[in-house]
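My entries follow in the order I made them.

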Amino acid sequence: MSKTNNVRSSQILSPFGVGQIVNFPEEVSVMIGGLSLWDETIARAKKNQGADRISEDELRFNETRLQNLLNVSYFIKPLEYKTSGSKNNQLQIPAVRFPGWHYCTNPKCGRMKQEPLNAANAKIECTACWDGKSKYKSKMIPVRFVAACPSGHIQDVPFKEWVHNGPVPNNGKVHELSYHTGGGSGDLGSIFLKCSCGEGRSLAGLMNIRKDGEDVFDSALARIGFRKEDDDKFDKDRQNDKNPLGEYCRGHRPWLGLDGVNNSTKCNKHLQVLIRGASNVHFSEIQSAIYLPEGSTEANQYVLEVIDKIGKEQLKGFFNIDQGSVTLPAVLSTNQVVSKGLISKDNLLSGVIEEITKDDSAKEESGLPPELKLRFEEYNYILAGRDSENADFKAIVKTFDGYSEQFLLEKYFEKVVLIEKLKETRVFKGFSRINPNNKLNKEELSNTQVNWLPAVQVYGEGIFLKFKDDIIDNWLIENKDAFSGIIQRYHAAMQKRKPEDEPRALTPFFIAMHTFSHLLIKRLCFDCGYGSSSLRERLYFSSDPDSRMNGILIYTSSGDSEGSLGGLVRQGKEKNLGRLVKNALEEARWCSADPVCSDIGNSSGQGPDNVNGSACHNCCIVPETSCEEFNVLLDRTTIVGTLANKDMGFFS
């Protein structure tokens with residue numbers, strides 16, 4: 001991207017991660033480049049500006065737990081375009097021009113032209129209608145349509161084949177397209193493409209597909225050139241019978257540059273034509289973790305910073321070379337915290353040695369799945385609290401003595417933790433298209449082997465609530481089968497999308513906890529001034545006795561390096577938390593869409609795949625950026641019951 005077309009650093013993970021189309025105001029449409037293109041950008045900057053002007057150390061950072069989980073060596077911050085400073089100036093996020101098809105905005109012309117991927121910063125103008133005398137040429141803008149398949153591939157719509165209803169004839173004629181829009185309703189039928197050879201066709205039906213569950217077995221592009229008598233080839237039981245003249249997925253991965261197109265392997269799945277700005281063109285997969293200091297609670301702030309920056313295992317390696325006599329002091333003496341006078345070299349050395357030589361033999365491998373292990377570590381760390389000003393994590397554990405609505409809070413919750421400082425690392429680890437379940441992993445993000453992923457670190461605050469296990473157990477005994485329909489529908493939907501995955505160990509309480517989290521987010525928007533998209537949930541749930549978790553964290557991570565202004569934590573204090581919970585529960589009793597919301601939720605279910613109960617946009621749905629579960633597995637009935645049976649609700 002150029003310096004005039006820019007996005008915020010955090011947006012490079014979501015919504016504008018690798019492989020996503022970014023539409024800029026001046027009708028410029030580009031796709032964020034893959035990780036190999038990032039490496040090429042840094043290497044080119046070193047060559048052009050000098051290796052001493054590019055510091056990869058400033059771009060890299062560590063988060064040990066996420067590195068182990070994602071099998072990478074480090075993370076890289078999104079490249080930032082800047083013109084001041086001594087290092088890393090004029091770095092740009094790599095991007096390619098996509099879609100390639102553009103058309104002239106002069107209604108009398110409409111000439112179409114296909115631009116190459118490497119023309120990301122080029123100004124596209126029409127020469128077909130230029131008289132050679134006027135000062136300005138007509139502008140050309142990208143078409144609205146792209147073609148994608150569920151495997152994540154994406155390509156230009158084959159407009160020439162669409163117009164000719166088959167391959168472009170090799171008859172010696174010039175075949176140049178033009179794009180014309182008519183009046184009327186503005187649907188696809190009002191867009192007409194003409195070829196200079198005389199052929200023409202509207203875009204009516206271009207986006208048509210037929211599906212069997214999640215599988216597309218018929219598409220408009222696959223029907224190019226087909227004969228009416230061969231219509232049975234598009235029956236769902238003949239998905240392998242390809243129309244020889246039809247257009248199927250070519251396996252293009254334009255985010256990898258020209259290599260991702262020229263050296264692609266045909267995928268041959270049905271293509272779906274999508275609007276280039278549609279939400280299902282790209283789903284970012286983000287892995288996040290709350291920062292937990294690697295050192296002890298007594299360690300100096302700057303000692304912890306150095307351990308986090310370099311890595312505990314790396315520092316151990318330096319120490320083991322000569323038992324800390326030469327190598328480790330040499331590494332630490334050049335660190336910024338020493339050169340800035342924040343800590344003496346001797347104190348830093350002694351503090352680091354103390355931390356890296358502590359006996360870790362007591363730490364046993366839990367045997368938990370990696371993601372559950374990461375979440376379980378956070379859960380225990382939050383519950384333990386850390387009341388320290390010299391850290392990126394400060395958490396104060398409180399019981400409900402002196403709280404308003406003390407009886408209500410003590411009945412359902414064991415404790416509240418006020419997290420005044422937290423640092424979250426968010427990593428972009430893949431993406432999908434069409435639906436959010438067919439993930440492209442790290443290997444698909446680059447055409448060369450990489451040992452890093454793009455990530456950002458953000459700061460904020462939060463409120464953590466720990467539910468009482470005995471209250472949960474009693475409620476589950478009484479309602480173990482009451483919400484089984486939602487869980488069964490969820491498992492059935494996930495089985496269709498990813499049959500190789502094991503079903504999740506869910507209980508009705510997960511639905512109750514998740515729904516309560518959304519109700520709190522909606523209520524907090526009124527009480528603390530944050531927008532709903534600025535608040536996030538983090539669900540700590542496990543029914544395994546060895547890793548049992550029942551807690552929710554509502555947090556914001558949109559502040560600066562000093563955190564946020566404290567408005568969210570204030571809602572967790574003595575005068576506010578009881579009122580907050582009471583109001584959230586009261587609002588759950590009646591939705592503005594009732595009785596429809598309740599009736600549908602308690603019968604067939606609603607939402608995607610009918611995996612929500614009484615939960616709609618008026619009562620429980622929050623922005624996608626706030627929810628860990630894509631707004632499914634929600635039901636107000638788990639919170640307050642029904643009019644006929646209020647005892648079904650956890651808080652009844």
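**Charges over rings**

I counted a charge as over a ring if NZ of Lys or CZ of Arg is within 6 Å of the ring centre and within 35 degrees of the ring normal. R375 lies over the face of Y540, at 5.5 Å from the ring centre.

**Basis**

The model is predicted, so I kept local features at pLDDT of at least 70 and side-chain atom pairs at pLDDT 80 or more, while totals for chains, interfaces and linings use all residues. Residues are numbered from 1 along each chain as its sequence is written, and side-chain values use heavy atoms, without hydrogens and water.

**Aromatic pairs**

I paired rings of Phe, Tyr and Trp (its six-membered ring) with centres within 6.5 Å; planes under 30 degrees apart are stacked, over 60 edge-to-face, the rest tilted. This rule gives 24 aromatic pairs. F413 and F516 make a tilted one, with 5.8 Å between centres and 35° between planes. F413 is in strand β20 (residues 413–432) and F516 in helix α15 (residues 508–528), so the pair ties together parts 103 residues apart in sequence. Helices (H or I, at least four residues) and strands (E, at least two) are DSSP runs, numbered from the N terminus. Both F413 and F516 are buried, meaning under 20% relative accessible area (1.4 Å probe, protein chains only). One aromatic cluster includes F413, F516, W475 and F650.

**Helix α1**

Among the buried residues of α1 I noted W38 and I42. Just after α1, G50 takes a positive phi of about 105°.

How values were computed. Buried < 20%, exposed > 50% of the residue type's maximum accessible area, 1.4 Å probe, protein only.
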